[in-house]
Amino acid sequence: MSCPDCFKGIALTGNTVGSITTNGAYFSPAPSGTSKVAVVLLTDIFGLHLNNPKVIADLFAKELDCDVWVPDLFNGRPPIRPEEMSTPERAGDKMSFWAKLQMFFLILRRLPAFIFNCRSSLVDKRVTDFVSKIQADKKYEKIGAVGYCFGGSAAIRLGPTGTFNTLVIAHPGAFSFKDLEAMNVPTSWACAEEDMSFSPENRLKAEAVIAAKKKDTPSLDYEFIDYKGTTHGFAARPNLDYPEVKEGFEACLAQTVNWFKKTLTV
């Protein structure tokens, strides 16, 4: 199942300018009308039922002047609704016993459906099939991906497959270090101060793995940026009432834009 901190949903406000198109995907086109590159946004466990990925996709499309796509990772059936679970929204907050108990029983109830519809092999095939289709239609020269939480794990798995040219990975869920050791595209990492899924030990190990690969392949750019005061989910579902979370969210947006301006050029 996904990580515990994935089970919280804070909705971003704002009107969206894109539309739902291919296979239920959200498409936010380049404002200029033409785009030689594209960004694919891989969502958290809430998928497109939460407005946030659409709002964020619109921002990236505007700032990068490129097409941004948000595929439906869950085939219309995300396993969790945003209102079903609440967990800490900033560093230092603790889950109550009742919240932990609720989360345990929610995971227990949804586990069969998750395995059936949301297991890694199915999600990865949905993404690669989707990318193949938009590439066939649009003939992009490069495609980058930004993945949040559940989508961050997918980005790591797909990094070594040639699906994408560059990645931004924000507070990922569980992943195999074997996939990380096979990574062969530039990666930018946005890391929370407190993260039950991507622990400080795993964060340091991940950077060590990527740093070792860069010694063998100097062109393999990477960066790890830590955001003080944040918890898992801050880049996708921030509570903007907390100044440190708002600051981290906005800085992560800028990190993503700057990374793609650097690595997604043609």
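**Nonpolar cores and helix packing**

In this predicted model, Leu42 touches Pro71, Leu73, Val127, Ala145, Val146, Gly147, Tyr148, Gly151, Ala154 and Ala155, residues up to four places away in sequence not being counted; contact means heavy atoms within 4.5 Å. Residues are numbered from 1 along each chain as its sequence is written, and side-chain values use heavy atoms, with hydrogens and water left out. Local features need pLDDT of at least 70 and side-chain atom pairs count only at pLDDT 80 or more, whereas totals for chains, interfaces and linings use all residues.

Leu42 is among the residues with the most contacts inside the largest nonpolar core, which has 41 residues. Such a core is a set of buried Ala, Val, Leu, Ile, Met, Phe, Trp, Tyr and Cys residues joined through side-chain atoms within 4.5 Å, buried meaning under 20% relative accessible area with a 1.4 Å probe, protein chains only. Elements giving two or more residues to this core include β3 (37-42), α3 (120-138) and α4 (150-158); helices (H or I, at least four residues) and strands (E, at least two) are DSSP runs numbered from the N terminus. Apart from this core lies another, of 33 residues, among them Ala57 and Cys149.

The axes of α3 and α4 come within 10 Å and cross at roughly 75 degrees; axes are lines fitted to C-alpha atoms, for helices over the stretch in contact, and angles run from 0 to 180 degrees between N-to-C directions. The two helices, α3 and α4, are therefore roughly perpendicular (65 to 115 degrees). In α3, Ser120, Val123, Asp124, Val127 and Thr128 meet Phe150, Ala154, Arg157 and Leu158 of α4.

Key
Buried < 20%, exposed > 50% of the residue type's maximum accessible area, 1.4 Å probe, protein only. Parallel < 35°, antiparallel > 145°, perpendicular 65-115°, else oblique.
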